[in-house]
Amino acid sequence: MIKNKKCTKCYEVKSVDLFGKDKYSGDKLTCQCKGCKAEVSRSYRANNKLTSSMNDKRCRDKEVERVIYSIKTSQGVYVGSTKAGLRRRIGQHTSNLNLNKHTNPLLQSIYNSYGLESFEFNVLERVSNDLNLITREQYWIDTYFANSLNINKAN
Ligand SMILES: [Zn+2]
């Protein structure tokens, strides 16, 4: 009977009491510790809440619009823009963060430490054409200058 096991999420070696039961696995224990499991299901729920709140008609109508948006985190603000609708863009962000391959390493590391539930997505401005999208995005990045998480300007 093993006493300690390494969690596949936080990579910490912990006592087996800190792992849940999984009758289908070789050692009858879950591969992630209870703490990490709870974290995963919390961010899953936060993610679902976000998706369903954006499912109502009012939000769907906004999809065709060009939008400058922010992702507020405990460590600073990420500014981005999209032509494809905020809901879809948030889906791309969260899926890349989940896969641990987001192009912004700061955002990725904050996600890894605090989870999606610590992120707050907001529309900063709606703009009328593609040219404005770039200049207005830059304006917002400059506005958040001191605590902006954007590494490349207008990415
Ligand atoms: Zn863990």
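Predicted model: local features only at pLDDT ≥ 70, side-chain atom pairs only at ≥ 80, totals over all residues.

Visitor: Which residue stands opposite Tyr69 in β7?
Guide: β7 spans residues 120-127 and runs antiparallel to β5, with seven bridges between them. In that pairing, Tyr69 faces Val123.

Visitor: What is the bridge partner of Ser70 in β6?
Guide: β5 and β6 are antiparallel. Across that pairing, the partner of Ser70 is Val79.

Visitor: Which element gives the most residues to the largest nonpolar core?
Guide: This core holds 17 residues, and Ile68, Tyr78, Val79 and Leu107 touch the most other members. At least two residues each come from β5, β6, α3, α4 and α5. The top contribution is four residues, from β5.

Visitor: Is Phe119 buried or exposed?
Guide: Phe119 sits in the loop between α4 and β7. The cut-off for burial is 20 or more other C-beta atoms within 10 Å. Phe119 has 23 such neighbours, so it counts as buried.

Visitor: How many Å separate Phe119 and Ser70, C-alpha to C-alpha?
Guide: Leaving out residues up to four places away in sequence, Phe119 touches Ile71 and Thr73. Phe119 and Ser70 are 49 residues apart in sequence. Their C-alpha distance is 9.7 Å.

Note on methods: Residues numbered from 1 in each chain as written. Pairing = 2+ DSSP bridges. Core = buried A, V, L, I, M, F, W, Y, C linked by C-beta atoms within 7 Å. Buried ≥ 20, exposed ≤ 12 C-beta atoms within 10 Å, placed from the backbone. Contact = placed C-beta atoms within 7 Å.
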